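Here is a brief report on one strand and its surroundings. Please look over the sequence and the model first.

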Amino acid sequence: MKPILMNFPTEFTTDRLLIRMPKPGDGKAMFEAIHASLDELKPWLPFAHFEQTEEDVEANIREAYLKFLSREDLRLLVFLKENGNLIASSGLHRINWEIPKFEIGYWIDTRYTGKGYMTEAVQGITEFASKELNARRIEIRCDTQNVKSAAIPERLGFTLEGILRNDSLEIGSTTKLRDTSVYAKIY
């Protein structure tokens, strides 16, 4: 089956969270979350180094919406059920529909760290990929020095399959190489 013809939910919930595809109009809340979190995001994510306007972020959200509909990339936004606040961005990326295989990426608004929300979201996304998308492999990759990011797959029982040495450049550097941890769950 062609991925664009696949039908699956565009949102789901966990105990405390609503997780859904991005929609036009989400840019303002995403812009605010990014700007509240720049100091924590800059060491790990290239987009945090670019000056973005609210309009730029809204355009990015709309592109993510289209990619979700075309099944090219499944970005997911994470909201608190209790008040509807956007607290994180995640999703299923680097998709290989033939296997099916996905990579979960994530970041959380600094104002909501330390409460277990990201672990809960990644658990929910893992279950969604397994049950709704018939995932056979789910990966989480992170810089070996990103201890907070690595704690999530470790907490959720992902297996550390290996470390890719000299896999990427340090953000903002043209010479300093970094290593990447590769965690996976197999179904």
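The report below covers the basis of the model, the strand, its sheet and the helices across it.

## Basis

This is a predicted model: local features need pLDDT of at least 70, side-chain atom pairs count only at pLDDT 80 or more, and totals for chains, interfaces and linings use all residues. Residues are numbered from 1 along each chain as its sequence is written, and side-chain values use heavy atoms, leaving out hydrogens and water.

Strand E4 spans residues 86-96. Strands here are DSSP runs of E, at least two residues, and helices are runs of H or I, at least four, all numbered from the N terminus. Nine of the 11 residues in E4 are buried, meaning under 20% relative accessible area with a 1.4 Å probe, protein chains only.

E4 pairs with strand E3 (residues 74-80) in the antiparallel sense, over six bridges. Pairing requires at least two DSSP bridges between two strands. Leu 74 faces Leu 92 in E4. Five residues separate E3 and E4 in a hairpin, and Gly 84 in the turn has a positive phi of about 80°.

Strand E5 (residues 101-108) is also antiparallel to E4, with seven bridges. Gly 91 stands opposite Gly 105 in E5. This hairpin has four residues between its strands.

## The sheet

The sheet is open, with eight strands and mixed pairing. Its order is E1-E2-E3-E4-E5-E6-E8-E7. E1 (11-13) and E7 (159-169) are the edge strands, each pairing on one side only.

## Helices across the sheet

Helix H1 (residues 27-41) lies across E3, E4 and E5, at about 85° to E5. Contact means heavy atoms within 4.5 Å. Angles run from 0 to 180 degrees between N-to-C directions of lines fitted to C-alpha atoms, for helices over the stretch in contact. Helix H3 (residues 117-132) runs at about 160° to E5. The strands it lies across include E3, E4 and E5.

Conventions:
Buried < 20%, exposed > 50% of the residue type's maximum accessible area, 1.4 Å probe, protein only.
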